[in-house]
Amino acid sequence: MNVYDSQRIAGILQNMGATEAAALDEADLIIFNTCHIREKAAEKLFSDLGRINLIKEERRQNGKETIIGVVGCVVQAEDEEIEKRAPFVNFATGPLTYYRLPEILQKIARDKNIRLIDTEFPAESKFDHLPENTAEGCTAYLAVQEGCNNFCTYCIVPYTRGVETSRPVEEVLKEARRLVATGAAEINLLGQNVNSYHGEDAAGKERDFAFLLRKMAEIDGLKRLRYTTSYPADVTDELIACHRELDILMPYLHLPLQSGSDKILKAMNRRHTAGEYLDIIGRLREARPDIGFSSDFIVGFPGETDEDFAATLDMVDKVGYIQSFSFKYSRRPGTPAAVYPDQVAEKIKSERLNILQEKLFSLQLSFNRQCVGKIMPVLFESKGKRKGQLFGHTPYLQNLHAAAPAEAVGRILPVRITAATMNSLTGTIVQQQPKRNNSKEV
Ligand code: SAH
Ligand code: SF4
């Protein structure tokens with residue numbers, strides 16, 4: 001979501017005639033887009049700002065002004081902290097109001113000494129004010145839903161991105177068609193809780209996420225469709241049917257479990273049990289036997305015992321994730337769990353994270369190794385590390401390098417996998433026509 005927002009911010013600036021600076025110390029304007037999900041992410045902002053202020057000072061001595069801005073969730077949660085700790089910041093605006101950037105920059109151009117801090121949750125949608133989106137390569141993000149009403153007790157998102165809102169169906173389709181027309185072969189639909197999408201259609205009728213996926217699948221020229229992130233309790237039968245019926249939908253789903261213990265899931269305010277989660281996985285597998293799953297995990301949530309943690313490990317074995325993201329629980333001020341009494345010691349969190357990651361990484365490696373010898377359709381996206389190589393992704397979002405001509409960028413070609421590590425695959429292009437169905441080979 002932050003990458004998408006950053007691209008839209010760059011679009012606003014380009015629309016105003018700005019061009020990208022070749023180096024930081026050549027930039028007249030520097031904007032940080034920030035994440036507040038864990039403490040580490042927020043702290044990074046303040047250390048980066050200190051570093052940038054040195055550049056600002058040095059440029060000032062050479063008679064050049066530098067405008068520094070901060071955008072995103074840290075602003076929403078820590079606006080006063082920014083004012084206090086970084087008085088040299090010219091403006092700061094939350095993730096829902098960055099569309100006001102032209103206005104903000106005009107005000108600053110008139111008076112270099114004003115400081116603008118905007119943490120409003122506006123009634124209007126930022127999407128109504130952004131310039132048209134264009135693809136930067138052959139894969140593109142498209143935000144369809146923003147905010148969250150789930151209030152998981154550890155999570156800051158509902159407080160920084162606000163209540164859940166969905167963009168109208170036609171608006172999404174228009175942006176999607178434009179992304180395809182400007183070069184996107186793959187679109188990844190985004191939302192904090194994307195499968196709870198409920199946008200209005202042209203007739204004003206509320207439509208669900210499955211409806212949107214079916215409409216997306218009809219777009220001429222679009223070759224691959226993905227979405228992230230899904231909330232398990234909102235996986236409907238209709239959504240499962242989409243995985244059965246839409247070839248364009250990649251056989252890979254990020255479905256965060258967080259914990260395998262029912263007691264912890266309840267304390268997290270997740271609206272499902274481990275058993276219900278397994279049931280959803282089973283039904284998705286039945287609909288799409290070649291589907292692979294990834295997840296997010298939090299270890300050391302308040303009250304997590306060895307037994308609860310063992311339940312998480314057990315779920316990892318049962319599902320057999322092919323990729324995953326795992327984190328130590330981070331206390332976020334203002335969220336309910338931050339003041340739960342039974343916080344877990346840092347040392348135990350680290351130990352549990354190591355054990356969990358060892359398991360997750362070995363599953364990922366073994367899945368990648370199973371792919372060796374198979375032929376997979378790969379969307380080539382950019383130049384590779386070495387000369388004559390291109391970089392792309394398999395249907396399972398595995399990174400892949402293969403020797404390929406530059407003209408193959410933007411195309412899906414069959415690749416025989418020759419080697420695998422935990423983070424990437426290597427392969428050689430098979431000399432045959434690409435198949436229409438680009439996802440059912442493994
Ligand atoms: N909306 C998505 C995820 C949003 S945040 C969902 O519900 O799945 C991405 C991930 O960050 C979460 O899935 C969770 O695993 C992690 N996360 C969120 N808050 C956290 C916290 N306070 N400490 C550690 N990890 C956290
Ligand atoms: Fe945060 Fe939970 Fe909403 Fe995801 S579903 S954004 S974890 S509150």
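The model is predicted, so local features require pLDDT of at least 70 and side-chain atom pairs count only at pLDDT 80 or more, while totals for chains, interfaces and linings use all residues. Residues are numbered from 1 along each chain as its sequence is written, chains are lettered from A and ligands numbered from 1 in the order in which they are written, and side-chain values use heavy atoms, with hydrogens and water left out.

**Helix packing**

Helices (H or I, at least four residues) and strands (E, at least two) are DSSP runs, numbered from the N terminus. Axes are lines fitted to C-alpha atoms, for helices over the stretch in contact, and angles run from 0 to 180 degrees between N-to-C directions.

| Helix pair | Axis separation | Angle |
|---|---|---|
| H1 (residues 2–15) and H4 (residues 101–110) | within 10 Å | roughly 55° |
| H2 and H3 (residues 73–85) | within 12 Å | roughly 35° |
| H6 (residues 169–181) and H7 (residues 209–217) | 11 Å | about 30° |

H1 and H4 are therefore oblique to each other, given that angles under 35 degrees count as roughly parallel, over 145 as roughly antiparallel, 65 to 115 as roughly perpendicular and the rest as oblique. Their crossing is right-handed; a crossing has this hand if the near helix is turned clockwise from the far one by less than a right angle, and is left-handed if anticlockwise. Contact (heavy atoms within 4.5 Å) is made by Ile9, Ile12 and Leu13 of H1 with Leu101, Pro102 and Leu105 of H4. This contact comprises six nonpolar, no polar and no charged residues. Ala, Val, Leu, Ile, Met, Phe, Trp, Tyr, Cys and Pro count as nonpolar, Asp, Glu, Lys and Arg as charged, and the others, Gly among them, as polar.

The crossing of H2 and H3 is right-handed. Ala42, Glu43, Leu45 and Phe46 of H2 meet Val74, Glu78, Glu81, Ile82 and Arg85 of H3, a contact with five nonpolar, no polar and four charged residues.

H6 likewise passes H7 in a right-handed crossing. Here Val169, Val172, Leu173 and Ala176 of H6 meet Phe211, Leu212, Lys215 and Met216 of H7, and the classes are seven nonpolar, no polar and one charged.

**The second largest pocket**

The second largest pocket holds about 1,100 Å³ of space. On a 1 Å grid over the protein atoms alone, a pocket is an open set of points where a 1.4 Å probe fits, with protein on both sides within 12 Å along at least five of seven lines; lining residues have an atom within 4 Å of a point. Grid points are joined across faces, edges and corners, and the volume is the space filled by probe spheres set on the points. Among the 30 lining residues, Leu13, Glu20, Leu29, Ile30 and Ile31 are the closest to the pocket centre. H1, strand E1 (29–34) and helix H2 (39–61) each give two or more residues to the lining, which has 18 nonpolar, six polar and six charged residues.

**Backbone features**

Thr228 and Thr229 are joined by a cis peptide bond with omega of about 5°. Thr229 lies in the loop between strand E9 (224–228) and helix H8 (237–245). Phe151, although not a glycine, has a positive phi of about 50°; Phe151 is found in the loop between strand E6 (145–146) and helix H5 (157–160).
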